[in-house]
Every structure is written in structure tokens, then in C-alpha cells.
Amino acid sequence: MELRNRILFTILVGTILFLAGCREGRALSPREQFGDNKWYFLALESMQQGMESDAIGYLEKGAKGSDDFLAKKCLEELSRFGTVGERIATAQELYKRFPDTASLLRLSQALLAAEDYEQIIYLTTDVSEPLSAELTAIRLHALVRKNKQGLAGEIEDWFLFESITPHHHRFFESFLAANNEGLVSQETMQSIRLRLAVHQRDYGQSFRILSELLQGQDDAYLWLVQQSEEMLSDIGRTFLYGTQKLTDAANFFEGALQSLQKDSPKHTAFYLNFYAARLYDKGLGTGSRKALEKFQAAMEIAPTPENYDNALWYYLSTQLKISTAAAEKALKQYIPTIYDVLYYSDFFETMALRYVTNRDWNGLLRCYTLMREYVDGETLARYAYLSGRLVQLGQVDLDAFPQETLDELVGARHGAAGETVEPQTAEQGVPVEEAVSRGLFAAAYREGCDLYYRLLAAVQLGYSPAVVRQSLYQTRLLEDFQRDMDVELLLAGFMAFDLPERIYPLWQEHSRSISLEMAQKAASHLSLYGTDLYSAQGLRLMSNAIFHADTQTTEEMYRLAYPRLYAQEISAAAQKYQLPEYLVFALIRSESFFDAGVSSHAGAVGLAQLMPATAGDIARKLKVSQYDLTDPQTSIDFGSFYLAELVGRLEGSVIEALYSYNAGITNVRNWKKYFPDLPEDLILEMIPFTETRNYGKKIVSAAAVYGDLYYGVTHGDVVSEIMFQAATE
């Protein structure tokens with residue numbers, strides 16, 4: 001295996017050298033670089049060109065002579081060609097040489113086309129690995145056609161004990177079309193229909209089915225506690241969203257708890273408590289005591305970490321409905337027990353919003369002291385930065401905090417690029433407010449924290465541009481990264497043999513096992529095609545990769561993630577409407593990823609993502625009678641005009657103009673009325689729309705990166721211009 005990996009790595013290095021044009025003398029062609037591993041890629045190339053016979057020939061050669069991984073890929077593709085008999089023969093060879101469930105699926109597909117149901121049943125019986133949903137559907141189809149004993153049990157197991165997929169829906173439709181309802185019990189059929197309805201979020205239908213099921217039971221409680229984990233969850237969701245009688249439903253779950261036996265599965269008690277809690281919470285109103293008790297009961301018996309986190313999330317959210325003080329108290333008790341900190345990121349975001357809208361500045365800092373050792377980087381940075389700003393502005397009463405806590409907040413902290421910042425205290429002539437705020441800003445700047453808050457913290461700390469530039473692009477590396485050389489070989493082949501349409505989908509499927517170096521090559525390659533589709537794919541690929549990396553990032557990687565596409569059009573529009581180019585680039589990147597043909601669910605169109613009504617108003621002001629929002633120049637011009645107009649209407653505030661671009665100027669003016677005494681960076685945190693909050697942060701961050709990468713404007717200057725302009729004028 002080690003030798004094979006070295007060989008594959010040699011191939012990759014050769015490919016990269018070829019693509020980069022770094023090889024001395026005559027560059028090796030892809031055929032020469034890949035040797036006998038070229039056949040799969042040549043076949044794909046031939047299929048793309050409609051040359052099926054050539055593709056088949058290449059696949060046959062690859063199946064015989066390529067490395068195992070690519071030989072398997074050749075056989076998989078080859079099994080799609082020829083007569084039914086030929087496809088079966090190829091699939092049999094595939095399964096013989098590579099006996100895994102993926103090969104078994106391909107063979108079963110071929111056998112299904114030949115209606116060889118007995119062979120499908122034989123091959124899929126007593127398989128060591130769990131069958132995929134598609135393979136299970138094929139097996140069940142074969143069992144139905146042969147009317148095999150045990151069919152009803154397998155159908156029941158698949159539909160009632162597994163997660164519902166599109167394959168379940170398709171199988172059930174064909175099952176009904178063939179008039180096979182009599183093969184399983186009426187109750188099972190109803191239970192299946194209930195689960196399919198829940199999967200489609202048709203809760204009215206699922207509630208009608210559930211009502212019929214319950215009416216047919218001698219003991220409804222006993223029936224409920226005998227259901228599978230999956231059925232219990234779907235029954236709970238049906239009651240939650242399918243009826244207004246929520247308290248009655250909660251009492252029903254309570255009654256079922258009394259029917260539990262000592263040997264009842266652990267998940268049964270968990271779901272009965274969990275959904276009783278959610279029903280009480282929704283039915284009885286804010287902070288229901290019964291809901292809290294039931295969430296706690298569910299936590300105590302949660303069979304998995306995921307179940308525990310789910311119950312605790314709802315418990316904390318219910319406490320937050322009562323007050324931030326109640327949520328704080330619960331956090332203090334339970335935050336050390338959290339399993340997956342990312343699961344709670346939206347809860348902590350909501351809690352931060354609650355603190356700031358209530359002007360509970362001390363509470364925000366108290367919460368930070370509770371959570372700082374347990375939360376993700378974005379949450380940590382948000383609370384640390386906001387707390388630091390509020391301390392800096394004199395809004396926090398530090399006398400309300402123990403001296404020990406203040407000492408910890410000041411602490412010996414590490415600044416940018418490994419620069420050690422010594423503790424500062426009032427005894428050294430530094431006011432305690434300044435020492436604490438700088439300690440909090442330093443915490444927000446830590447490697448792995450959110451880019452937006454790191455940028456703002458760097459401004460507050462006064463870090464030099466050189467220090468910021470050296471450290472800002474450092475990222476927290478993946479701890480469990482395992483490089484997949486086979487996948488990287490595929491990527492290299494797709495690049496070398498001009499198959500760009502396969503690059504991004506492959507990266508999406510395997511992003512966490514592809515090295516940052518290879519991701520950079522793939523993104524760079526996609527950018528060479530000069531089309532919106534591939535440019536946007538390369539941008540998305542690199543933007544994700546630099547924050548989920550196995551090695552540290554470089555400036556060139558950031559240039560791929562923040563490219564200057566449509567540079568001529570953006571430069572002209574920025575000059576015309578007196579906007580910084582880096583701001584317009586940030587706007588277009590954030591709105592559309594430079595894909596001129598994209599449209600949003602709300603109906604926004606084009607690079608600048610303008611709504612048709614807004615575009616109509618702009619056209620009238622510009623005296624343009626005919627326009628096309630999918631035309632890049634038009635979209636950029638209209639979007640730049642609109643942003644510049646908003647800046648003017650909002651007394652020169654760039655950040656307020658950006659909020660307005662996303663949420664409307666009326667909303668922005670209303671938000672300002674509530675908090676007229678606070679600076680822009682804090683007002684952003686009080687916006688009630690998550691989309692608008694994130695939108696503002698995204699554009700500020702992107703503008704700072706563009707300014708630094710291309711225009712010689714420091715991160716700090718860009719952030720100050722957008723966020724702190726009013727304070728400096």
C-alpha cells in the first residue's frame with residue numbers, strides 16, 4: 001500500500017508540473033504522464049465527444065491494465081454499455097474483482113434489467129455490510145416479484161426502522177401500482193403512508209393517518225411504546241405540526257410513559273419525554289415548567305450524544321424564552337456536558353441578540369466567561385469582541401465582576417503572529433477597562449476565530465498592517481484529516497484530460513479528504529475556462545477549502561477565493577459612482593459569486609442580485625428604457641448606482657447602505673431609532689434578520705481582503721472606512 005501511494009503521488013506531482021508548465025524541455029502529454037492509468041480518462045473524454053465505441057475500447061483496456069482504483073472505475077462505466085447480457089457479464093467481473101456494496105449495486109442493477117430476480121435475492125442475502133437504500137429497493141422489488149417468504153417483514157423493517165429516502169417513495173409507488181397492498185398488513189401500510197407523508201412535510205395527511213391508526217388500537221399507549229425510534233420521531237412531528245391540540249398530545253405521550261416496561265428500549269422513553277416536552281413548550285407557552293422537566297428527563301436517558309445535544313438545545317432555548325438570566329443559569333450547569341459545540345451555534349447567536357436588544361451588557365460578558373472554554377471559534381469571537389467593545393465604551397459595570405474573573409479576562413495573551421502581549425493592570429498605569437477590553441479583543445483575534453471579528457479586533461488592538469497581514473490568513477487546521485490519494489488522482493485526471501464538469505462535484509463529495517494543495521490546483525484550473533459556471537465553482541471550492549485546511553493557506557489561495565472577475569466592468573462602475581473598487585468586488589462576490597446567470601428564490605437576478613422592482617426604479621433614474629439584468633455590465637452598473645445612492649441617502653454610512661441593499665432602507669432607519677447611541681459595529685449585532693447580519697459581516701470581510709490583496713489598502717483602513725466612518729469624521 002505504501003508503494004502504491006508513492007506511485008500515485010508521483011503521478012500527481014507529474015500532472016501538477018505539467019499543468020503549471022514548470023517542466024523543463026518537452027512537456028509530457030497526459031497520455032504519457034498517466035501511463036496505463038490514462039484509459040479511464042480517455043474513455044470519459046470520448047463519451048463527452050459522443051464516440052461510444054472508442055470509449056468502450058479504452059474502458060476495456062483500463063479494466064485490464066490500470067491500477068486497481070481506476071480499473072474499478074473502468075468496469076463500473078463499462079457495465080453501462082452493451083446488451084443486457086454483456087452488462088451483466090461486466091458487472092459480474094466487477095463484483096468478483098471488487099466485492100463491495102457499490103459493485104453489488106451495479107450488478108443488481110444489471111440483473112434487474114434482465115429480470116433475474118432470483119439472482120438478485122441470492123446476492124443480497126446475508127451481506128456483511130448494510131445495504132444502501134437503492135440496493136434495498138432493488139432487493140425488495142425482486143422479493144415482491146417472486147413473492148418470497150419473509151417479504152412483509154423486510155418491507156416493514158425498511159420502511160419503519162430506517163430513514164426515509166426518495167428510494168422509499170419510488171418503491172412504494174411501484175408497489176401500489178402493481179396492486180401489491182395485500183402482501184403486508186393494513187396497519188403496516190398505514191404506518192408506511194404516515195412516514196412518507198412526514199418525509200414530504202404533509203403533516204395534515206400524516207395526522208389523518210395517525211388518527212386512524214390510533215382509533216384501531218385496543219390500547220393506544222401500548223401501541224405507541226412498541227413503535228420504532230424512527231416511527232416515534234415521525235409521530236412526534238405529526239402531533240407538533242398536524243394538530244392544534246398540543247397539550248392533549250403531550251398528555252398522550254405522558255400516558256404512554258406509564259406503559260413502559262423495564263426492558264423497553266432506551267430510545268422509547270427518550271422520544272416520549274422529548275416530544276412531550278416539545279408539545280408542552282409549544283402548547284403551554286413561554287418557558288413551560290412541564291416542558292423543562294420533560295427535556296431534562298429526556299437528557300437523563302438520552303441513548304446517544306446526538307439525542308442528548310438535541311434535548312439540551314431545546315432545554316436551553318426554552319430557558320431563553322423565559323429570560324437570559326434563566327438561560328445563563330442553565331448554561332452554567334450544562335455547558336460542560338455538551339458533545340458537539342457546533343450544534344449550539346444558532347442558540348448562542350440568538351442569545352447574543354437577546355442580550356444586545358435588552359441592553360444587558362453585563363449579561364453578555366457573564367455569558368462569555370461561562371462559554372469561552374467550550375464554544376466554537378465564531379461564537380467565541382462574537383462574544384469576546386462584543387464584550388470588549390462594550391467594556392471599551394464604558395457600558396459594562398466591571399465592579400459587578402469578581403477580581404479573579406477580571407484577571408482572567410486580562411490574562412497573559414498572545415497577539416498576532418505569535419507576538420506576546422503581557423498582562424496589563426491598573427497598577428501598571430493602564431485603566432482596568434482598557435486592560436480588560438484588550439484582553440477580550442485579543443481573544444477574538446485568536447487563530448481559528450471568525451474572520452470578520454478578527455478584522456474588527458485587529459483595528460481595536462491597533463495591530464500594525466505587517467503583523468495583521470502575517471497572521472490574519474492563518475487558519476485552524478483539520479485535526480482528523482485523512483488524504484485520499486485515489487480521489488486526488490481522479491481530480492488530477494479530470495484536469496489533465498479537460499473534464500472540468502467533473503471537478504467540482506467530485507470535490508463536493510470528498511472535500512474533507514482532499515489536500516489544500518490539490519484543492520488549489522483544482523480551483524486554479526476551473527478559473528482558466530473563463531465561464532461564469534466554472535469560475536463560480538472554483539471560487540466556492542477555494543473559499544471553503546481555505547477554512548477547512550490540512551496545511552496553512554497562502555496569499556495565492558486567497559486570490560483564488562477572492563478573484564477580480566469582471567474587472568473592467570467593476571472598475572468603470574466604481575469610478576462612475578465614486579465607490580472603492582474593493583467594495584464593489586466584495587458586493588458582487590457576496591451577492592452572486594460572479595455568476596451572471598444566477599437568480600435567488602426571492603427573485604433577485606444577476607451579478608448584483610437586484611429585484612426586478614428595484615431594477616425598474618434604478619432604470620428610471622438612469623433614464624434607461626431597455627435593459628437585461630443578466631447582462632454583467634448592466635447588473636454591475638445598476639448595483640453600483642444603487643449602493644452609491646444608498647450611501648448618499650444614509651449620510652455617507654457605507655455599512656448602513658449595505659444593510660439597506662439587503663433588507664431595505666426603511667428597516668435600517670427603524671433599527672437606528674432603537675439604538676441611536678451605539679456605533680455601527682454594535683448596531684449590526686442587533687439586526688433581527690440573521691441573513692442581513694451575516695450579509696454585512698461577509699461584505700466587510702471580503703472588502704478588507706480585496707483591499708489588501710489588490711489595492712495596497714490595509715485591512716484596518718478598509719474596516720475603519722466601512723464600520724467606523726461616522727466615529728472618525
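Let's start with salt bridges. The structure holds 29 of them. A salt bridge here is a side-chain nitrogen of Lys or Arg within 4 Å of a carboxyl oxygen of Asp or Glu. One thing before the examples: this is a predicted model, where local features need pLDDT of at least 70, side-chain atom pairs count only at pLDDT 80 or more, and totals for chains, interfaces and linings use all residues. Residues are numbered from 1 along each chain as its sequence is written, and side-chain values use heavy atoms, with hydrogens and water left out.

Now find glutamate 118. Which lysine pairs with glutamate 118 at 4.0 Å between the closest N and O atoms? That is lysine 146. Lysine 146 sits in helix α9, residues 133–146, and glutamate 118 in helix α8, residues 117–123, so the pair ties together parts 28 residues apart in sequence. A word on the labels: helices (H or I, at least four residues) and strands (E, at least two) are DSSP runs, numbered from the N terminus.

How open are these two? Lysine 146 is partly exposed, with a relative accessible area of 37%. Glutamate 118 is partly exposed too, at 38%. The cut-offs: buried is under 20% relative accessible area, exposed is over 50%, and partly exposed lies in between, with a 1.4 Å probe and protein chains only.

Glutamate 118 has another partner. Lysine 148 forms a salt bridge with glutamate 118, and their closest N and O atoms are 3.4 Å apart. This pair links distant parts of the chain: lysine 148 is in the loop between α9 and α10 (151–161), glutamate 118 is in helix α8, and they are 30 residues apart. Lysine 148 is partly exposed, at 31%.

Next pair. Glutamate 254 bridges to lysine 294, with the closest N and O atoms 2.7 Å apart. Buried or exposed: which is lysine 294? Buried, at 14% relative accessibility. Elsewhere, salt bridges that share partners join Arg469, Glu555, Arg559 and Asp708 into one network.

Glu156, Asp157, Glu162 and Glu187 gather in a patch of negative charge on the surface. Patches are made of residues with over 30% relative accessible area and no salt bridge; like charges are joined within 9 Å, and nonpolar side chains (Val, Leu, Ile, Met, Phe, Trp, Tyr) within 5 Å. Asp and Glu count as negative, Lys and Arg as positive, while His and the chain ends are not counted. Each charge is placed at NZ of Lys, CZ of Arg, CG of Asp or CD of Glu. Take one member, glutamate 187. Glutamate 187 lies in helix α12, residues 186–199. Glutamate 187 is partly exposed, at 37%.

Step back to the whole chain. How many helices and strands are there? The chain has 42 helices and 2 strands. Its C-alpha trace spans about 85 × 80 × 60 Å along the principal axes. Of the 729 residues, 53% count as buried.

Helix α17 covers residues 266–284. Its 19 residues reach 27 Å from first C-alpha to last, close to the 27 Å expected at 1.5 Å a residue. The expected span is 1.5 Å times one less than the number of residues. In α17, 15 of the 19 residues are buried, so the helix is largely enclosed by the rest of the structure. Just after α17, glycine 285 takes a positive phi of about 100°.

Helix α36, residues 632–649, has 18 residues. It reaches 26 Å, close to the 26 Å expected. Here 15 of the 18 residues are buried, so α36 is also largely enclosed by the rest of the structure. Just after α36, glutamate 651 takes a positive phi of about 60°.

That brings us to phi. Most residues other than glycine have a negative phi. Arginine 201 is not a glycine, yet has a positive phi of about 60°. Look for arginine 201 in the loop between α12 and α13 (203–215). Arginine 201 is exposed, at 66%. Glutamine 578 also has a positive phi, near 55°. Glutamine 578 is in the loop between α33 (567–576) and α34 (581–592). Glutamine 578 is exposed, at 72%.

Technical notes
Accessible areas come from the Shrake-Rupley method with a 1.4 Å probe; for residues, only the protein chains shown count as cover.
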